[in-house]
Amino acid sequence: MSAPITRREWAVAAALALVVLIVTGIPYLVGYATSAPERVFGGFVIDVEDMHSHLAKMQQGYRGEWQYRILFTPEPHAGAYLNTFYIALGHLAQLAQLDLVVAFHAARLVFGLIFLLTVYAFVSMFLSEPVERRLAYVLVCFSSGLGWLAVLLAGSFRVGGITPVDFWLIEMYGYFVVMTFPHICLVLALLLLTFGLALRYLETGRRRFVVGAALGGLVISLIHAFLILLVVLVPFATWLLEYLRGRASLRRLPGLFIMWLLPLPIVVYQYLAITNNPVLAGWQAQNLTLSPPPWHYALGYGLVLILALPGAAWALRQAGRWPLLLLWLLIVAPLLYAPSVFPLQRRMIEGVQVPLCVLAAVGVTRHVLPWVARSRSSHPANALGDDVVARHTRRRVGLVRTLLVALTLPSTLIVLLSATLVAAAGQADTAHRADEVVAVDWLATHSAPAAVVWASYAVGSYIPARSGRRVVLGHWTETVDLADKRSATSRFFGTADDDERRALLNRYGVDYVFYGPRERALGTFDPAGVGYLEPVFRAGDVTIYRVTLE
């Protein structure tokens, strides 16, 4: 059993969590500080398309809906109870009368703090010494991989044809998740809580622990149903291993079934809702997040993975709680390369950094640092005295520990710095022309909620997020048949004749055409010269046309 967490430890953990929240918030603060009247910061600097997707879901909740519909594709379709986290967040924003971007970041801060404090509690279930706990916690909070070194040696940001995962696979790193997605912060906190409660159930047999774990799995299924694979497999494998070792009872097995059965109806409903809805099924078919080659994962965890190897060898000889960490890693590894029928391969990496960092802390404190302490001083002990030698040893051990942590930080610093520079520069996907913002706001107040707008891809990404209106295209997975709609958009604003344009407008049920600099750049089409488009709003270089087909 591990030692209880002291108040001082909680204070330090909370202080470090606040540092993470502040540091990861700097790019957003810079973006708002450098926003200009002619170019408005959109509130996001990384993975902007997916941020817009989440805002579009919040828009639906804000206007009182609970069933999710895709706003980035024009096809009419029935709603379903999916993506409830952001829809519920939209309801909360409406109750509090908050701007949706403000509500998003408030949720990011709240659930980021909950996630980090849950990490410390989880880490403390395995590590008794505060020094070990802090080391594992700091690694979860700030560490990344050796992608920076690979880039330095390769002289290019692409290594083996792929940008190192340090710079884009958000789910791999604690700071990156806190910087971006509140729903992942919550689901990871719940996953750690579920595993912790499952361990307590296996140890004590008390029903309240298994009920808590089952409820955790239930909420996880509402947010990331695919993680139910881990909720089911990891505790069961832990019990099975201990049972085979003669250290666990069959009487624990029914409790584990409760953990499986409670979330099952939610998972089945979501599966049927998607597969029986052609539009949702089309979205899911494009939602491919396949894994990069294995060496990219190894490079992405870098020194943490190296340090975790001796820690894993030590944990392998332990009983009780330790097998859960190893089994978590062993179960995830094949899922990352499951057959292509499982399109969410790399999403299974969520949370894996936590067991790796616990094992890395063990590797450092029980292997690396003892070796450093045993290494000979450059001066004989009898010449310096035992106290001096002891001080030299402590200093050397402290320096090595600090150096090891520092070597896990460069990629983290690169991401934070580049995000800050992108925000300051107001690049096209992070900031929006003032006239575009005004025009989108006009759509929000003067068009029907189900209206379909045709615009360029970039503007189409922004319209659902800010106005809640549907578009022809605007998202890499949520625009069904994306390639066809990209081609159609190029033709519509480019080389198509009037007959084809009319046919395309009818085909997609378009109500408004958004025409600004980004649409003008797609071709020579002039909407002002045709009779089936009526100008209804103009702001600067942007005009909105109503479709008037007979």
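At 17% relative accessibility, Phe 167 counts as buried; buried means under 20% relative accessible area, exposed means over 50%, and partly exposed lies in between (1.4 Å probe, protein chains only). Phe 167 sits in the loop between α6 (147-154) and α7 (174-180). Helices (H or I, at least four residues) and strands (E, at least two) are DSSP runs, numbered from the N terminus. Contact means heavy atoms within 4.5 Å. Ser 144 is 23 residues from Phe 167 in sequence, and the two lie 9.1 Å apart, C-alpha to C-alpha.

The model is predicted: local features need pLDDT of at least 70, side-chain atom pairs count only at pLDDT 80 or more, and totals for chains, interfaces and linings use all residues. Residues are numbered from 1 along each chain as its sequence is written, and side-chain values use heavy atoms, with hydrogens and water left out.

The chain holds 24 helices and seven strands. Its radius of gyration is 26 Å, close to the 24 Å that the globule rule gives for 550 residues, so the chain is as compact as a globular protein of that length. The radius is taken over C-alpha atoms, and the rule is 2.2 Å times the number of residues to the power 0.38. Along its principal axes, the C-alpha trace spans about 95 × 55 × 45 Å. Of the 550 residues, 54% count as buried. Among contacts with a separation of 6 or more, 74% join residues 24 or more positions apart.

The accessible surface of the chain comes to about 23,200 Å². Carbon and sulfur atoms account for 65% of that surface. Accessible areas come from the Shrake-Rupley method with a 1.4 Å probe; for residues, only the protein chains shown count as cover. The chain carries 44 positive and 34 negative side chains. Lys and Arg count as positive and Asp and Glu as negative, while His and the chain ends are not counted. The centres of the two sets lie 16 Å apart, with each charge placed at NZ of Lys, CZ of Arg, CG of Asp or CD of Glu.

The structure holds zero disulfides, a disulfide being a pair of cysteine sulfur atoms within 2.5 Å. Cys 141 is in no disulfide, and the nearest cysteine sulfur, that of Cys 357, is 9.1 Å away. Cys 185 is likewise in no disulfide. For Cys 185, the nearest cysteine sulfur is that of Cys 141, 11 Å away. Cys 141 is buried, with a relative accessible area of 0%. Cys 185 is buried too, at 0%.

Helix α5 contains Cys 141. Leaving aside neighbours within four places in sequence, Cys 141 is in contact with Val 20, Leu 116, Gly 174 and Tyr 175. Val 268 is 127 residues from Cys 141 in sequence and 35 Å away in space, C-alpha to C-alpha. Leu 135 also lies in α5 (residues 130-142). Leu 135 is buried, with a relative accessible area of 6%. Beyond residues up to four places away in sequence, Leu 135 touches Ala 361, Val 364, Thr 365, Arg 401 and Val 405.

Two loop residues have positive phi without being glycine. Phi of Asp 47 is near 55°. Asp 47 is placed in the loop between β1 (39-41) and α2 (48-62), and counts as partly exposed at 30% relative accessibility. Asn 83 has a positive phi of about 50° although it is not a glycine. Asn 83 is found in the loop between α2 and α3 (84-96). Its relative accessible area is 23%, which is partly exposed.

Thr 524 is exposed, with a relative accessible area of 74%. Thr 524 lies in the loop between α24 (517-520) and β6 (533-539). Apart from neighbours within four places in sequence, Thr 524 is in contact with Phe 493 and Gly 494. Thr 524 and Val 279 are 245 residues apart in sequence and 32 Å apart in space, C-alpha to C-alpha.
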